[in-house]
Amino acid sequence: MEPFVYRDGRLFAEGVDLATVAEAVGTPFYCYSHGHLSAQAEGFDGAFGELPHLTCFSVKACSNLAILALMARRGLGFDIVSGGELARCLAAGADPTKIVYSGVGKSAAEMRQALEAGIRCFNVESPGELDLLDRVAGKLGVRAPVALRVNPDVDPQTHPYISTGLKENKFGISHREAVAEYRRAAAMANIDVVGVDCHIGSQLTTVQPFLDALDRLLALVERLGEAGVAVRHLDLGGGLGIRYDNEAPPTPAEYAGALVERIAPTGLTLILEPGRVLVGNGGCFVTRVLYTKGNEGKRFVIVDGGMNDLVRPALYGAYQEILPVAAHRSRPNRIVDVVGPICETGDFLARSRELPVVRPGELLAVMSAGAYGFSMASTYNTRPRVAEVMVRGDRYHVIRERETVASLMAGEQIPEGV
Ligand SMILES: *Cc1c(COP(=O)(O)O)cnc(C)c1O
């Protein structure tokens, strides 16, 4: 479904006018479409059909409890990268046996927490992590289910900050050293080797890098078999891209079709860790125009949302479409920079963007903001994090209240005589 469409010149989220939400909750805010998120979750998972598989939503893409609960109720599991994300999943009603735990820097306390919860698998990223996990599991008297995250050294052809599967990246264990490390893992008293894992990057717009990575992993599984190490699952990570501008990424059905063909004959269970593709286009970020001004021929639209609220444009130079919430056909277009109130030159939502003339007080919607939007927000400049709203049909729910300045200062202390 198309989550955000104009009706009589006004931008709606499903059946709700975004201007109505802005009046009620203030600006800026994130808005998600329940229908779109549900359709993406069911469509992605369903695309793998009868193949034994588990779709683990990558929590870091969008970690609001309401969204995690929506995913859990549709049978999805979760890919987490911290003890905090584990707590969120459990609070949202997740089945721990559908949780896989990735990340290069798991602490002993986080390992304990995950072992006690009974998660499905640790995606281990270094020999040191494997040693520590063995010790932590031993102390608890349990065995830790493990896949090693191998670095297949394939180029995902995406932005360098979100490419993770090249040999110079910090993630995983070199595929050349993997067999030796697996042998070591298999001999450990408190480790159960259950799978192989990789994640090569994010916002991939072709299937080929996934297939290259898959081939490397399947070759590894074969070598492991010869070495007497049996695995049950293959985790191919996340990374399937979405359309922000004019990209044409494969659909989940095309992606799944290509993978199923190769995995089915192996008898392995396939685990996937999609984030962006499930939520990216299901959310938008609504901000209000404060001022417009021109400096030396350059035009600025200054809005109340900044890089602390939505960092992708500032961090990656990412393009996200911007739409006026009220479309005025008679307005001419201008080339503008849409900038936030943060004291950083890098604080922009769009640069040199052609937009219809907007006036102070009017609303803009930054599209495709469902993934790595709110979840990457900070409180820089002492700006409380914004409200999140979920629309379902002609109703909406505030799924996270706007933070207050008081909540930001809570926990700070002024020592006597400072
Ligand atoms: C971020 C991440 C994902 C999700 O990536 P998307 O591009 O959002 O699909 C999956 N697995 C791991 C290990 C990650 O770090």
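This report covers the ligand site and the aromatic contacts of a predicted model.

## Basis

In this predicted model, local features need pLDDT of at least 70 and side-chain atom pairs count only at pLDDT 80 or more, while totals for chains, interfaces and linings use all residues. Residues are numbered from 1 along each chain as its sequence is written, and side-chain values use heavy atoms, without hydrogens and water.

## Ligand site

Polar contacts are pairs of N or O atoms within 3.5 Å. A ligand oxygen is 2.3 Å from a side-chain N or O atom of Ser202. Ligand nitrogen atoms are 3.2 Å from such an atom in Asp79 and 3.4 Å from one in His199. Alone, the ligand exposes 390 Å², and the protein buries 93% of that (Shrake-Rupley method, 1.4 Å probe).

## Aromatic pairs

The structure holds 8 aromatic pairs (ring centres within 6.5 Å; stacked under 30 degrees, edge-to-face over 60, the rest tilted). Tyr30 and Phe285 form a tilted pair, 4.9 Å centre to centre with 50 degrees between planes. Tyr30 lies in strand 4 (residues 29–33) and Phe285 in strand 14 (residues 283–295), 255 residues apart; strands are DSSP runs (E, at least two residues). Both Tyr30 and Phe285 are buried (under 20% relative accessible area, 1.4 Å probe, protein chains only). Ring pairs join Tyr30, Tyr32, Phe285 and Phe374 into a cluster.

Definitions and conventions: Polar contact = N/O pair within 3.5 Å; in protein donor to acceptor, adjacent residues only side chain to side chain. Phe/Tyr/Trp six-rings, centres within 6.5 Å; stacked < 30°, edge-to-face > 60°. Helix = DSSP H or I, 4+ residues; strand = E, 2+ residues; numbered from the N terminus. Buried < 20%, exposed > 50% of the residue type's maximum accessible area, 1.4 Å probe, protein only.
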